[in-house]
Amino acid sequence: MAGPEPPRVAAIVDTSGSMSVLELQDCLAELLGLVRAVSSDGPAITVLTVDQEIQDVVQVRRPGDVPRLRLRGGGGTDMRVGLEHVAELPKPPEVVVVLTDGLTPWPPEPPAGLSGACVIAVISTRESVEWVPDWIRPITTA
């Protein structure tokens, strides 16, 4: 017997200069929970670290992979870059989780490859929720 194929999942971690060490640690904790829930030696989660450009793109399969992620960046913030990148993957994700403080420009509409995807923004700054467009589901950690 075979069940349905697990969803393709991508996570975009904001590594811009506005992200504090504590916020980055929280992002890793959220990512760890996501990996445990979705992957657990199953399909990999595509993880991008992004400030105003893509810093790294890695495949994460196991919870033990999360602490080894390199959180490079520190520049300006533009999560549109990460969203556009995952939309252009050969098999775009069905679920995208953006881990950010929310201090970023957001695309008013989903990129073409994400039009049917569930996009969730996990935001550490409550005030930033009002800037999230309607096609993204915001969750605050503040």
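**A question to start**

Which residue is the bridge partner of Thr 100 in β5? In this predicted model, the partner of Thr 100 is Ile 123.

**The chain as a whole**

Let's begin with the overall layout. The protein chain contains six strands and two helices, and from the N terminus on the elements follow the order β-α-β-β-α-β-β-β. For 142 residues, a compact globule would have a radius of gyration near 14 Å, and the protein chain agrees with this because its own value is 14 Å. The C-alpha trace spans about 45 × 30 × 25 Å along the principal axes.

Of the 142 residues, 44% count as buried. If you look at contacts in the protein chain between residues at least 6 apart in sequence, 61% of them join residues at least 24 apart. The accessible surface of the protein chain comes to about 7,400 Å², with 52% of that belonging to carbon and sulfur atoms.

**Strand β1 and its two partners**

Strand β1 covers residues 9-14 and is mostly covered, with six of its six residues buried. In a regular strand the side chains alternate between the two faces of the sheet. Here, Val 9, Ala 11 and Val 13 point one way from β1, while Ala 10, Ile 12 and Asp 14 point the other way, and all are buried.

β1 pairs with β2 in the parallel sense over five bridges. Within that pairing, Val 13 has Thr 49 as its bridge partner in β2, and Asp 14 has Val 50. β1 also pairs with β4, again in the parallel sense and over five bridges; there Ala 10 stands opposite Val 96.

**Strand β2, covered on both faces**

Strand β2 (residues 45-50) is largely enclosed by the rest of the structure, because six of its six residues are buried. Both faces are covered: one side carries Ile 45, Val 47 and Thr 49, the other Thr 46, Leu 48 and Val 50, and all of these are buried.

Setting aside neighbours within four places in sequence, Thr 46 is in contact with Val 9, Ala 10, Ala 11, Val 57, Val 58, Gln 59 and Leu 89. Gln 59 is also the bridge partner of Thr 46 in β3.

**The hairpin from β2 to β3**

Strand β3 takes in residues 54-60 and runs antiparallel to β2, with six bridges joining the two. A hairpin of three residues connects β2 to β3.

Glu 53 lies in the loop between these strands. Its relative accessibility is 46%, so Glu 53 counts as partly exposed. Glu 53 and Thr 77 are 24 residues apart along the chain, and their C-alpha atoms are separated by 8.2 Å.

Strand β4 spans residues 95-100 and includes Val 98. Val 98 has 0% relative accessibility and therefore counts as buried. Not counting residues up to four places away in sequence, Val 98 touches Ile 12, Met 79, Leu 83, Trp 106, Ile 120, Ala 121 and Val 122. Val 98 and Pro 138 are 40 residues apart in sequence, and 9.3 Å separates them in space, C-alpha to C-alpha.

β4 pairs with β5 in the parallel sense over six bridges, and the opening pair of Thr 100 and Ile 123 belongs here. Strand β5 (residues 118-123) has five of its six residues buried, so β5 is largely enclosed by the rest of the structure. Onward from there, β5 and strand β6 (residues 136-140) pair in the parallel sense over five bridges, with Ile 120 standing opposite Arg 137 in β6.

Note on methods
Residues numbered from 1 in each chain as written. Predicted model: local features only at pLDDT ≥ 70, side-chain atom pairs only at ≥ 80, totals over all residues. Heavy atoms only, no water. Buried < 20%, exposed > 50% of the residue type's maximum accessible area, 1.4 Å probe, protein only. Helix = DSSP H or I, 4+ residues; strand = E, 2+ residues; numbered from the N terminus. Pairing = 2+ DSSP bridges. Rg over C-alpha atoms; globule rule 2.2 N^0.38 Å. Contact = heavy atoms within 4.5 Å. Areas by Shrake-Rupley, 256 points an atom, 1.4 Å probe, with all protein chains shown as cover.
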